[in-house]
Amino acid sequence: MEDKAVVLYIDDENLNLCAFEILFRKTLNVHTTIDTDEAVEMVRDGKIDVIITDQMMPVMTGVELLKKIIEIDNSILRIIHSGYVDDPEIQQAYEDGTAHYVLDKPLDKRMMLTAINEHINNKE
Amino acid sequence: MATTDYSENKYSVLIADDNQNNLKVLSTMLETLGYRVRVATSGELAIQSVKSMLPDLILLDIHMPGIDGYEVCRTLKSSDEFKDVPVIFLSALSEVFNKIEAFKAGGVDYITKPFEFEEVSIRIENHIKLKEKTLMLQQALTDLQDKEGMLIQSEKMAALGLLTSGVAHEINNPVNFITNSVSALEDRINTTVSENRPPDEEMAEDFNKLFSNISTGLMQITKIVHSLRLYSRGDSDKMTNADLKEIINSALIIMHHRFSHRVVIEQNISTIPPIRCQPGKLSQIIINLISNSIDAIGEAITAGTIEEDTGRIIITADVMDRQVNINITDNGIGIDSSILNKVFDPFFTTKVVGRGTGLGLSICQSIISEHNGSISIDSTPGKGTTVIIILPLTGV
């Protein structure tokens, strides 16, 4: 069996992280954090394939986080997962390529997995 | 129904007088001046004539057999349909003429015989113009009232929009992790069944977490729905005894998505007995004021007077001298002293076109007045603003 995609999921609601981790533990290599600064550190340590982030968070928005990630590693698949898909900042990020995908809440599992698989296959 | 006669695009004047000679003199005069003239030789005929077609002005003799001029005038003025037609009384200088009674009956002016051409001309013209101007003003007033009604409606719709989008976002979050938790449970159960494998320790632990997630999520949603009852309750516009803390909390739940990422809201609410109020409307005020504070904090961050993530709103409430004092303080951009006395004026706004109707605070003020309370604002530009609401403890 091939290696599972390494996914980093960031959200300011602990229960979102917990449910996500249990749901995808079997299919993905899931890392989660509530702390955007820690997320940046984890990307710096390497080995992350996919980043999925909430938009509205206390210290920085998801889009701001993705911009920092791009500077460190441009090859990571970047997904915004938010209930605010109409937010102009998100729309702008999608148009200029800061975010590859924008997924509404609640999560469409199949759409997310398709996006991740496509990214991993293209990489190989 | 009587209609205004503009068939020749000239003003029409009805002359009511029992004296044929007077009728003749005045008719000739008015026709020379370009008016269309109708005549009536008694009070009864005058009323009939007005009913069949509305003149622009009536010249009315006082002393006529049958119904006299005063009575004709009073009859016309008591009818909504005819009351706007100006009536000028005709009187001979030698006659006994009670000016006060003429005006009291609803006359706008009087002309004395013998008639002077110039005088008749000017007085008639003045009153026709005056009536037209009055009608225009009435129309303008009606238009303004309609517009005001529309704006108040749009302010209500804006408040409703704020409410629904707030609730949608607040519910969406727990729905997201409930959905994922249910989906995870489904996966685990399917695996157990298809592989015919008894649940192991890991699965038991997952189940615990997932069920706990679901019940926490459901509790959150229940809380949101509960806070909404304040608005959907049929009696939300009626005076009822309500808990101020609950009103403030429900407003904060609905506003949560707008401030939670940028602004810290502190509450310091002492024990307050139930107050007699319209809970839905009070909550509307709290939402409106917090919304203003969030905007002011946003502007302060943009202007650089405060750091990002240092926005703060403090809500305090306590009881003193049988009064409830509610203070909402923010560290936003503040209000310039030159406009501080205008902020409660209807339609006054500093927001860009389309971002506010300028009715928010004006509506707050009228709601507080309905509660026999007062609302005032204390502000220092660059430092922040405090809104002070005082409500009587016994209510209305």
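B:His127 touches B:Leu57, B:Pro86, B:Ile88, B:Val108 and B:Asp109, leaving aside residues up to four places away in sequence; a contact here means heavy atoms within 4.5 Å. B:His127 sits in helix α5 (residues 117–195) of chain B. Helices (H or I, at least four residues) and strands (E, at least two) are DSSP runs, numbered from the N terminus.

This is a predicted model, where local features need pLDDT of at least 70 and side-chain atom pairs count only at pLDDT 80 or more, while totals for chains, interfaces and linings use all residues. Residues are numbered from 1 along each chain as its sequence is written, chains are lettered from A and ligands numbered from 1 in the order in which they are written, and side-chain values use heavy atoms, without hydrogens and water.

Buried means under 20% relative accessible area, exposed over 50%, and partly exposed in between (1.4 Å probe, protein chains only).

| Residue | Relative accessibility | Class |
|---|---|---|
| B:His127 | 12% | buried |
| B:Asp309 | 39% | partly exposed |

B:Asp309 lies in the loop between α8 (279–303) and β9 (311–320) of chain B.

Now to chain A. Five helices and five strands make up its secondary structure count, and along the sequence they follow the pattern β-α-β-α-β-α-β-α-β-α. Chain A has 124 residues, of which 52% count as buried. Among its contacts between residues at least 6 apart in sequence, 57% join residues at least 24 apart.
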